Amino acid sequence: MLRQRSTAAPAAMSFDRISGLSALGFAALIVAGNVVLVPAGLPRTGAGIEEVDRFFRAHGGLVGLGSAVTPAAWVLATLFGAGAVRALWRSERDRGEAWALLGFAGLVLQNAVFTAVIAIRLALASTAADGAGADVGLWALHDALFTLNGTFLALALAGLSVGGLRAGLIRRWHGRWGLVSASLLMGSAVLTPLVMDHAGPLGLLGLAGWLMWVVWLVVYGLVLMRRAPAPQPSTER
């Protein structure tokens, strides 16, 4: 007797799981990028142009290496945001709200702003390799964009935290953690002129908010991965 071959297709990975894994991957890549550059002496916001010039002359290759992972990071961030919107949208639609869309907009905008930050770093590394000194105006633009980007991270944190709390998707401590992180990053963005002109403790405001953002992101990813898949409609007649 011939054994009947099964024609059932293998179960596809749910989009919740894909978006959760994307959040974890995004967090890993942005931390890895900093692990490569920060120990090498990446100048902090407000650093003098001499320090900037020395770094990009000595570590142009590392800047290229750190920048190589960023396109993948932006793709993963967008996948995470799309998954979060999918998880929250039905609940928000019923309440006439759009917190998840606010959070998704923040993720997309931070992708755009950080594209400019990375482009400036690559430009400085390229010109340094050609023997040109670092441009004061270009580095000031880098610092301004880098600090103002806290606005869009704050939007992502606030929108997805409030939306997650109101939908019952995330725990209360997680939502509050996200709102505190959003407040720190927004405060840093508001103080951008002072952060740029005075290298010192003001920069720690944004750093603390960023570290909290990474933790929030990892936990949100785990929440999406563990979310029960939506029931599929029956195909039986």
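The expected span of a helix is 1.5 Å times one less than its number of residues. In this predicted model, helix α5 has 31 residues and runs 45 Å from its first C-alpha to its last, close to the expected 45 Å. Helices here are DSSP runs of H or I with at least four residues, numbered from the N terminus. Local features need pLDDT of at least 70 and side-chain atom pairs count only at pLDDT 80 or more, while totals for chains, interfaces and linings use all residues of the predicted model. Residues are numbered from 1 along each chain as its sequence is written, and side-chain values use heavy atoms, with hydrogens and water left out.

**Nonpolar cores**
- A nonpolar core is a set of buried Ala, Val, Leu, Ile, Met, Phe, Trp, Tyr and Cys residues joined through side-chain atoms within 4.5 Å; buried means under 20% relative accessible area, exposed over 50% and partly exposed in between, with a 1.4 Å probe and protein chains only.
- The largest such core has 28 residues, and those with the most contacts inside it are Phe80, Leu160, Trp213, Trp216, Leu217 and Tyr220.
- At least two residues of this core come from each of α1 (15–37), α4 (70–95), α5 (99–129), α7 (150–167), α8 (172–190) and α10 (203–226).
- Helix α4 gives the most to this core, with seven residues.
- A second, separate core has 13 residues, among them Ala47, Phe56, Val63 and Trp139.

**Aromatic pairs**
- Rings of Phe, Tyr and Trp (its six-membered ring) pair if their centres lie within 6.5 Å; planes under 30 degrees apart count as stacked, over 60 as edge-to-face and the rest as tilted.
- The whole structure holds nine aromatic pairs.
- One of them is Phe55 with Phe56, edge-to-face at 5.2 Å centre to centre and 90° between the planes; both Phe55 and Phe56 are buried.
- Trp213 and Trp216 form a stacked pair, 5.8 Å centre to centre with 20° between the planes.
- Trp213 and Trp216 are three residues apart in helix α10, so about one helical turn separates them.
- Phe26, Phe80, Trp213, Trp216 and Tyr220 form one aromatic cluster.

**Individual residues**
- Trp213 counts as buried because its relative accessibility is 1%, and Trp216 is buried at 0%.
- Leaving aside neighbours within four places in sequence, Trp213 is in contact (heavy atoms within 4.5 Å) with Phe26, Ile30, Leu107, Leu153, Ala156, Leu157, Ser181 and Leu185.
- Ser19 lies in helix α1 and counts as buried, with 0% relative accessibility.
- Not counting residues up to four places away in sequence, Ser19 touches Leu79, Phe80, Gly83 and Leu224.
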